[in-house]
Amino acid sequence: MKTKLIKLLFSVSCIFLAACAVITVNVYFPEKAAKEAYKSLDDMLLKTGEAPGGQKVPPGGAPAAPQDKPQSRVFDFSLVTAAYAADTDADADALAVELSSMPEVLKAYDDMSKRLPRLNTLFASGAVGLSKQGLVVIPPSAKAKLAPQDEALVSSENQSRKVVVTSMAKAILKLQKQKESKEAMNQVLGKAATTFAETKREAAQPGWWMQLQNDRWVQK
């Protein structure tokens, strides 16, 4: 009887260990919340240095926003709950706050703000376009090569964008209390890039070249 019990316990242990060996980490990707968080960060941190219409911002600072214009809640900590709630707005707020607390993200946005005027000129001229991953690339329709200084600008811009996308993946794992493993990062990084690109396509101005997810290039 004792021998049978030992064999039974051994069999159960083997089954349990085998089950543990095939367990994979599944990370939920909050697409809508990530998209809203990207938008909030752009609204709050991506500065052009000019007021609408091309007017320079006065030395005293930016003009007051109209009362009817919705304000980003990236720094409104009162709206962020301690738990990672399922509600989209709470998720977006939590992600935006987490990202805005990362020094590398703040630096990336500061650098992107400095490049923005020249980058917008390149987009408007058709010299560069937006890839399906949200990076700045030379579209097939481009008629000339970029000048060396513009090539350097584009390279630096893409590095900053990659920092933002990678940080979004890390923020999602942290708020879901998931370990930042290679497997978990691989699950969310691609989706973070796709969502980032979608946000950038929506913010693009008419006439800019964009690559869709099916690899086709279109002009907005």
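Tutor: This is a predicted model. Start with Ser113, which counts as buried because its relative accessibility is 11%, and buried means under 20%.

Student: Where is Ser113 found?

Tutor: Ser113 sits in helix α4.

Student: Which residues does Ser113 touch, leaving out those up to four places away in sequence?

Tutor: Those residues are Leu45, Leu46 and Lys47. With Lys47 there is a polar pair: a polar atom of the Ser113 side chain lies 2.9 Å from the backbone nitrogen of Lys47.

Student: How should I read the nonpolar residues?

Tutor: In soluble globular proteins, nonpolar side chains tend to be buried together. Here the largest nonpolar core has 32 residues, and Leu95 and Met168 touch the most other members. Two or more residues of this core come from each of α2 (31-45), α3 (88-100), α4 (103-125), α5 (148-175) and α6 (182-203). Helix α5 gives the largest share, 8 residues. Another core, of 14 residues, lies apart from it and includes Val128, Leu146, Leu153 and Val154.

Student: What pattern does the protein chain follow along the sequence?

Tutor: The pattern is α-α-α-α-β-β-α-α-β-β, with 6 helices and 4 strands.

Student: And for the chain as a whole, what share of the residues counts as buried?

Tutor: Of 220 residues, 37% count as buried. The accessible surface is about 13,500 Å², and carbon and sulfur atoms account for 59% of that surface. For contacts between residues at least 6 apart in sequence, 66% join residues at least 24 apart.

Definitions and conventions:
Residues are numbered from 1 along each chain as its sequence is written. This is a predicted model: local features need pLDDT of at least 70, side-chain atom pairs count only at pLDDT 80 or more; totals for chains, interfaces and linings use all residues. Side-chain values use heavy atoms; hydrogens and water are left out. A nonpolar core is a set of buried Ala, Val, Leu, Ile, Met, Phe, Trp, Tyr and Cys residues joined through side-chain atoms within 4.5 Å. Buried means under 20% relative accessible area, exposed over 50%, partly exposed in between (1.4 Å probe, protein chains only). Contact means heavy atoms within 4.5 Å. Accessible areas come from the Shrake-Rupley method with a 1.4 Å probe; for residues, only the protein chains shown count as cover. A polar contact is a pair of N or O atoms within 3.5 Å; within protein, one must be able to donate a hydrogen and the other to accept it, and residues adjacent in sequence count only if both atoms are side-chain atoms.
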